[in-house]
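Reader: Can you walk me through this one? I'd like to start with the charged pairs.

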Amino acid sequence: MRLVFAWLMSSAVFATTYGIGDVRFEDSATVFGQKLILNGAAASNILSAKSTVVALYLSKKQNTQEGVANLAGAKRISLIALREISSKDLGNVLMDRIRQNATQDEINSNVLQIVQIGGIFGTVPRLKKDDVVHIDWNPAKKQTEFRLNDKLLGEQIQGESFFGMFTKVWLGPKVREKTRAGLLGQGDPLEVVAP
């Protein structure tokens, strides 16, 4: 009996839950049939107030934005609202951060996709506290989809270079160092939440 129990304990897969304040993140997620691991998480400001927590899930740990962009496979950015945020404000911040952090070539190559972001967030008037937005890269279809509380928002955004450019909203050179470092696993260790 002890041997069976020991075998079960050694072969069981225990999920770890991490926390930033009251927000919880699992150590893995399945996206388009692929298991991804939590690369990092961080608080992110919108309109000079702590308003979201963001997590990055990848197939393999990466510690640079270039590594994230070049990594093959599915990817996920999870954004959790800490307070009510109007979709207009969120859309404006996303556009500003793209302009500040993406190269001109990236912007020129993704003009239609950038315009589409506004349409996606225009489908809901606001994010409420604790709403979860998943931004998922589907490598098989070469498209990015946005989901609010697991419901698809708008149409999928087509294009292989879009997701890598979009990650610069949180990983680009003009993003707060603490946010970028947290998502790249270089910031303060995440709090492990007891089950």
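Author: Start with Arg 126, which counts as partly exposed at 39% relative accessibility. Buried means under 20% relative accessible area, exposed means over 50%, and partly exposed is in between (1.4 Å probe, protein chains only).

Reader: Before going on, what kind of model is this?

Author: This is a predicted model, where local features need pLDDT of at least 70, side-chain atom pairs count only at pLDDT 80 or more, and totals for chains, interfaces and linings use all residues. Residues are numbered from 1 along each chain as its sequence is written, and side-chain values use heavy atoms, with hydrogens and water left out.

Reader: Fine. Which residue forms a salt bridge with Arg 126?

Author: Glu 84, with the closest N and O atoms 3.3 Å apart. A salt bridge here is a side-chain nitrogen of Lys or Arg within 4 Å of a carboxyl oxygen of Asp or Glu. The pair links distant parts of the chain, 42 residues apart: Glu 84 is in the loop between strand S6 (75-81) and strand S7 (85-86), and Arg 126 is in strand S8 (residues 126-127). Helices (H or I, at least four residues) and strands (E, at least two) are DSSP runs, numbered from the N terminus.

Reader: How many salt bridges does the count come to?

Author: 7 by this rule. One of them joins Asp 96 and Arg 99, at 2.5 Å from N to O. Both residues lie in helix H3 (residues 87-101), 3 residues apart, about one turn of the helix.

Reader: Is Arg 99 buried or exposed?

Author: Exposed, with a relative accessible area of 55%. Asp 96 is partly exposed, at 34%.

Reader: Switching to the core. Which residues have the most contacts inside the largest one?

Author: Leu 94, Ile 98, Ile 117, Ile 135, Phe 146, Phe 166 and Trp 170, in a nonpolar core of 40 residues. H3 gives the largest share of this core, 5 residues. Such a core is a set of buried Ala, Val, Leu, Ile, Met, Phe, Trp, Tyr and Cys residues joined through side-chain atoms within 4.5 Å. Apart from it lies another core, of 12 residues, including Phe 25 and Leu 38.

Reader: And the strands: how do S3 and S4 pair?

Author: Strand S3 (residues 28-31) and strand S4 (residues 34-46) are antiparallel, over 4 bridges. Two strands pair if DSSP finds at least two bridges between them. They form a hairpin with 2 residues between them, and Phe 32 in the turn has a positive phi of about 50°.

Reader: What about S4 and S5?

Author: Also antiparallel: 9 bridges join S4 to strand S5 (residues 49-58). Ala 42 has Val 54 in S5 as its bridge partner.
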